[in-house]
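Hello,

Here is the structure I promised to pass on. My notes on its sheet and its aromatic rings follow below.

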Amino acid sequence: MNILLENHSPKLLSAMPDVKSFETRLASLNDWWGKIALIGKINSHNVASTILDDMNRTQHKFGELQKKLTRNLLVENLQKLVLDNSSRAQVAIDLLIRNLFERTADVGFLATDDDIRVFLSEPNPSAEQVGFIENRLREYVKKYSVYDEIIIFDTQGKVKAHLDRQNPITASKDPLLEETLVTDHDYLETFRYSDLQADRNHALIYSCKITQTDQKGSLPLGVLCLCFRFDDEVTGIFNNLL
C-alpha cells in the first residue's frame, strides 16, 4: 500500500473526491499562511523578527501536517475500499460455488428419470419419442434457466436427444463420455473445450451415466450431459455486485 501511495498519490486523489476536497481546503489554509507571512515581511519594521521566524516555522509545520493528513485520509479510504471489495469478492465466490453445487443435484436427478431410461432402452426411438424427451428437457430448463444445452448420449457417443437446435452435434468423441461411463463417482465436472459445444472456447459440463436401475453395478444405457451457462452466470453475479 505504501508503494501505491508513493507512486500514484495524484491519481488516487483524483479518484477520491472527498480526500481531494480536504486536501484542497488544507492547501488553501497553507496559502493563507504564506500570504500572512508575506504581509509580515512587507511591514517588517512594525513586526518583531522573532514573530516572522515563528510564522515561517508554523507555515512549514502546517505544510508537513497537510501532507500527513492527506496521506492518512488516502490510507483510510484505501483500506475501506479493500475491505469492501474483499467482501464483495467473497460474496461472488460463495454465490458461484453454491450455484455450481446445485448443478450436481440436477444432473443426478435427470439421470435417474424413468422416461429417459425407457427412451434409451429403445434401439430405434421414433421422432415422437425424441420430441417427447426433448420437450421434457425444455420444460426442465424453464425451471432452471442456467443451462443452454442438455445432451443425452448412448454408450457409443451418439446423440439420442438434445436441447439446443442451433447445435449441430450428432455424436461426440470427447473422452469425458467414456470417463463418465467408467467412473465410480456420481458425476463428473468438466471445464475446457469440448465438441459438445464446438463453437465455444470452453464449456462447463456436468455428466452422469444413465443406468437401467438405481442399483449399484446396473448396466449403463448412456450418458447425460448438462452444459452450464458459466459465462452468463459469472457476468450476472458480478454485475449485481458492482
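Let me start with phenylalanine 230, which is partly exposed at a relative accessible area of 22% (buried means under 20%, exposed over 50%, partly exposed in between, with a 1.4 Å probe and protein chains only). Its ring and that of phenylalanine 191 have centres 5.0 Å apart and planes at 55°, so the pair is tilted (ring centres of Phe, Tyr or Trp, the latter by its six-membered ring, within 6.5 Å; planes under 30 degrees apart are stacked, over 60 edge-to-face, the rest tilted). Phenylalanine 191 is in strand E3 and phenylalanine 230 in helix H7 (residues 230–241), so the pair ties together parts 39 residues apart in sequence (helices are DSSP runs of H or I with at least four residues, strands runs of E with at least two, numbered from the N terminus). Phenylalanine 191 is partly exposed too, at 44%.

The whole structure holds 4 aromatic pairs. In one of them, tyrosine 187 and tyrosine 206 have ring centres 6.4 Å apart and planes at 45°, so this pair is tilted. Tyrosine 206 is buried at 0%, whereas tyrosine 187 is partly exposed at 29%.

As for the sheet, 5 strands form an open, antiparallel one in the order E2-E1-E5-E4-E3 (strands pair if DSSP finds at least two bridges between them). Its edge strands are E2 (159–162) and E3 (188–192).

This is a predicted model, where local features need pLDDT of at least 70 and side-chain atom pairs 80 or more, while totals for chains, interfaces and linings use all residues. Residues are numbered from 1 along each chain as its sequence is written, and side-chain values use heavy atoms, without hydrogens and water.

Best wishes
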